[in-house]
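Load the model in your viewer and keep the selection tool at hand. The stops below go from a whole chain to single residues.

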Amino acid sequence: MFAAIRLAETHPELSILIVEKANIVRSGCLAAGVNALNAYITDGHTPDDYVEYALNDANGIARRDLLSTMSERLNAVTRKIESLGLVILKDADGNYIARGARNIKINGENIKPLLAAAVKSFSNVEVLNHVNVVDLMLNGSTVIGAWGFDVREPTIYRLRAKATLMATGGAAGLYRPNHPGFSRHVMWYCPFNTGAGYAMGIRAGAEMTTFEMRFIALRCKDTIAPTGTLAQGAGAAQINARGERYQHRYGNTTSERLHAVVSENLNGRGPCALETIGITVEQEKALEHAYLNMAPAQTLKWLETKMPPSIANVEIEGSEPYVVGGHTASGYWIDRKRRTTLRGLYAAGDVAGSCPQKYVTGAFAEGEIAAESIAEYVAAHDLLPLDRFNAVEEVERLFGNPRGLYSTDELEEAMQQSMDEYAGGIRSNYRYTDAQLQTATAHIDRLERLSEGLRAESMYDLLKIYELRERLTVCRVLIEHLKARRETRWHCFAEHADYPDRDPTFDCFINSRLVDGKVEIILRRLEDDGIEEH
Amino acid sequence: MSISIDRSKCVGCGACVEVCPGNLLVLENKCARIRDVRDCWGCTACVKACRRQAIAYYLAADLGGAGTKLYALDEKRTLTWRLEFPDGSQQSIVVDKTQSNQY
């Protein structure tokens, strides 16, 4: 939406279309709100500081040029979202109040409605809500739009465009979640973010990067609510069951904070918690409000169990792994203009690779950069004709399949079980071996074959089938990336039990491309910022 | 986490159907229904959208839930959360939308 706003403001002559699977007012990972703006250049810091922080957190596997072009816009986009109505905490002089070295405090409950309202104010922006985009449409290797279907009505959309921006979320639901039964969708990342944006690019032959750098969130146990508000906002330290503060023994990168909890549990010193006992009544009330603005379950839990944070420490646990380029570095291989390797296709936010720690404001910055690049591109290019359009036949086949043994739900559960057991899920404390990854590949191949026979009886069934297939595509690429990085660059995120140490041989990007149905791995130097001129 | 819909309060306006990020809610005989309670993420978009407070949010048993229902009343300047405990007692928390989180 931020990209559309930028393009609409600067180029009123252009016609812009946003396509959304749900409704832009409350869609995706920010549907409930957001707890802070975590990418901001606070007083006394520079964009270069942010670049160094992100590079260090990624143990060097990130692109300096992408981080730099993002970081230099962080404060401008923050002012922009404030002008759209976001409430940001300020001091008496009107300066933003920092929560930490790189973040500021907000009331982010309504961030999506604010963006949606801004979008609706432009006459040259059209929104298609409740339309699920399935695949890109091509002329050769040039992207000329995408096709999708209405999730409620039997309508297929063929959406032609001079330029296309991929700005979907990342991929959740690949692995068995913390609560696989009734609360199977209680997870850190939005369970409706299925990796569609990645899958579309993979199928169209785009080059992808760093899928193996999974993201695993450290969360409040059960509610899977954010821990940063307690740790950074209220200053709560991690402690083990003996009351010891242990973080200093493990380091303080994002993956090391998670590794610390996993290790303390494995060594019999769990459960771990954030030390909140003793906070004041005022702090407790402020926390209740803060969680209502982003994760109401946590406030509900405190109040209904009558175990508020002032009298009970808040237990923490790791989530299942995700593929999400807004936090780690997985996504499309892009240049600094946010062009992908496919002409006419741009990427920003969670699907844009090699630019980690971007969070909300970094995604906005990338959206702006992509919008400006798109404006240049469409001014110089005509809309090409479509090669072929097989979507109707494909959809008719899924409606025509006979009722089989397996349901979409069953195959999804089988996929999550296979990934959990053989590709480093919660069950194995996020570790995996080559032998296990081979088994994971066999399972994903089997499930992909079985998914071909699934039958749709409604448009919602069709949505579920395509979501499963998107996840299976992402799983397949993810497993190949995990196999290719034969080292342990990051604890938990990519912890290869056959290669438990860091190896300088892998001071490189692991990239991939689907060629004739096979995932081909491409190793690129860390200095590589090149996409050949389109 | 999931939601519970009070059919006696629902007027079938469809506001919740429109905002669910998972397309999980449908209207059936002029009343909202969730396709599968296990698929709710717990974002509370529908709870806030319901002007009749017909949708309650609750913690599932596998998350330590004890039967309390959470409702929301979304108004221009405030978001009022109302907890309805199993013993019938209630508690309200008013969040001023113009105020930032302190943490």
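How many helices and strands are there in chain B? Select chain B: there are 2 helices and 7 strands, where helices (H or I, at least four residues) and strands (E, at least two) are DSSP runs, numbered from the N terminus. Along the sequence they follow the pattern β-α-β-β-α-β-β-β-β. The radius of gyration of chain B, taken over C-alpha atoms, is 14 Å, close to the 13 Å given by the globule rule for 103 residues, so chain B is as compact as a globular protein of that length. That rule is 2.2 Å times the number of residues to the power 0.38.

Before going on, note that this is a predicted model, in which local features need pLDDT of at least 70, side-chain atom pairs count only at pLDDT 80 or more, and totals for chains, interfaces and linings use all residues. Residues are numbered from 1 along each chain as its sequence is written, chains are lettered from A and ligands numbered from 1 in the order in which they are written, and side-chain values use heavy atoms, with hydrogens and water left out.

Stay on chain B and show its C-alpha atoms, which fill a box of roughly 40 × 30 × 25 Å along the principal axes. Of the 103 residues, 53% are buried (under 20% relative accessible area, 1.4 Å probe, protein chains only). Now colour the charged side chains: chain B has 14 positive and 11 negative ones (Lys and Arg against Asp and Glu, with His and the chain ends not counted). The centres of the two sets lie 6 Å apart, each charge being placed at NZ of Lys, CZ of Arg, CG of Asp or CD of Glu.

Next, move to chain A and select the open sheet of 4 strands, in the order E11-E14-E13-E12 with antiparallel pairing (two strands pair if DSSP finds at least two bridges between them). E11 (218-220) and E12 (238-239) of chain A stand at the edges with a single partner strand each, so one side of each has no neighbour in the sheet. E11(A) is joined to E14 (residues 314-318) of chain A by 3 bridges. Centre on Leu218(A) to find Gly318(A) of E14(A) opposite.

Finish with the backbone of chain A. Asn59(A), not a glycine, has a positive phi of about 50°; select the loop between helix H2 (47-57) and helix H3 (64-71) to find Asn59(A). Tyr359(A) also has a positive phi of about 50°, and this residue belongs to helix H11 (residues 359-380).

Notes:
Buried means under 20% relative accessible area, exposed over 50%, partly exposed in between (1.4 Å probe, protein chains only).
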